[in-house]
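Please keep the sequence and the model at hand while going through them.

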Amino acid sequence: MSDYDPARRRLLTAGLVGASSLAVSGCDAFDMLTDRDNPVRNFIEGANGLTYRAQRILLGRDALAKEFTRADIRQPQRPNGVTNPPDEDYKALAANDFRGYRLEVRGMVSEKLSLSLDELQAMPLRTQITRHDCVEGWSCIAEWSGVPLSAVLERAEPAQGARFVVFHCFDTIERGLSGNIRYYESIDMMDAYHPQTILAYGLNRETLPVSNGAPLRLRVERQLGYKMAKYVRAIELVDRLTPFGLGKGGYWEDRGYDWYAGI
């Protein structure tokens, strides 16, 4: 069970969220949040940074998200977002039960890795029953099994200056004249080494289904669901997030969501 109290997060952020909501009302939220020069956007980003720093001070490195029992699992894990990527490389892997899948680990590491599912499953196993909280307002308790991200990082040996882990995914979210945009997400090194942060390949004692992110998805239990990237194909260690997308650290962050989505 957990010593992590979500009420502390709500207490810290209630005033900031209320002020942000008042500032956003009556304007085009997407245009405002993606306009780098908009003062309201800059205010919200500052509030998010304050929340991130305050929660880190209060919770520390090892505070755990609440874990449950199997009796608390009342329904299947609800799929959301993309549930069956149409990308050709993904479909080819899925058609062969992901036997050709490799997780690439690159960037600021001493040793680049290319790991099969068998190799990942031979690494230390962690199983946890946690609640998935979606930014849309729903939640779902499920049992997740996978390899701790820390075990993968220890094998790759991160460089001293690495600050973030970027997750590159198979699913293309947007297709247009300017090119295809594949989903990506990122977390900092503190969350990357947290004991509950895993690369999950199992769900409720079964192989992870395609609809929930097969063959591999991220679970970072102290944050909202949109941080938990599905269909992970590569992870990259970096010292800054500016080279990716619009430089905000994730697909939804580039469209106005908070980079740090602690709960």
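With which residue does Arg-222 form a salt bridge? The points below begin with that pair and then turn to other parts of this predicted model.

1. Arg-222 forms its salt bridge with Asp-191, and the closest N and O atoms are 3.4 Å apart. The two residues belong to distant parts of the chain, 31 residues apart: Arg-222 is in the loop between β9 (217-219) and β10 (232-238), whereas Asp-191 is in helix α7 (residues 189-192). Both Arg-222 and Asp-191 are buried.

2. The general idea behind such pairs should be kept in mind. Side chains of opposite charge can pair when their charged atoms come close. In total, the structure holds 17 salt bridges.

3. A further salt bridge joins Arg-70 to Glu-143, with 2.7 Å between the closest N and O atoms. Arg-70 lies in the loop between α3 (39-59) and α4 (88-95) and Glu-143 lies in strand β4, so this pair ties together parts that are 73 residues apart in sequence. Arg-70 counts as partly exposed because its relative accessibility is 45%. Glu-143, at 5% relative accessibility, counts as buried.

4. Glu-221 and Arg-219 also form a salt bridge, their closest N and O atoms being 3.1 Å apart. Glu-221 has a relative accessible area of 4% and is therefore buried. Arg-219 is likewise counted as buried, since its relative accessibility is 0%.

5. Is Ser-139 buried, partly exposed or exposed? With a relative accessibility of 40%, Ser-139 counts as partly exposed, because this value falls between the cut-offs of 20% and 50%. When neighbours within four places in sequence are left aside, Ser-139 is in contact with Arg-131, His-132 and Asp-133. The C-alpha atoms of Ser-139 and Arg-78 are separated by 8.6 Å, although these residues are 61 residues apart along the chain.

6. Some totals describe the protein as a whole. There are seven helices and 10 strands. The protein has 263 residues, of which 49% count as buried. Among contacts with a separation of 6 or more, 71% are accounted for by residues 24 or more positions apart. The protein exposes about 12,700 Å², and carbon and sulfur atoms supply 52% of that area.

Notes: Residues are numbered from 1 along each chain as its sequence is written. This is a predicted model: local features need pLDDT of at least 70, side-chain atom pairs count only at pLDDT 80 or more; totals for chains, interfaces and linings use all residues. Side-chain values use heavy atoms; hydrogens and water are left out. Buried means under 20% relative accessible area, exposed over 50%, partly exposed in between (1.4 Å probe, protein chains only). Contact means heavy atoms within 4.5 Å. Helices (H or I, at least four residues) and strands (E, at least two) are DSSP runs, numbered from the N terminus. Accessible areas come from the Shrake-Rupley method with a 1.4 Å probe; for residues, only the protein chains shown count as cover. A salt bridge is a side-chain nitrogen of Lys or Arg within 4 Å of a carboxyl oxygen of Asp or Glu.
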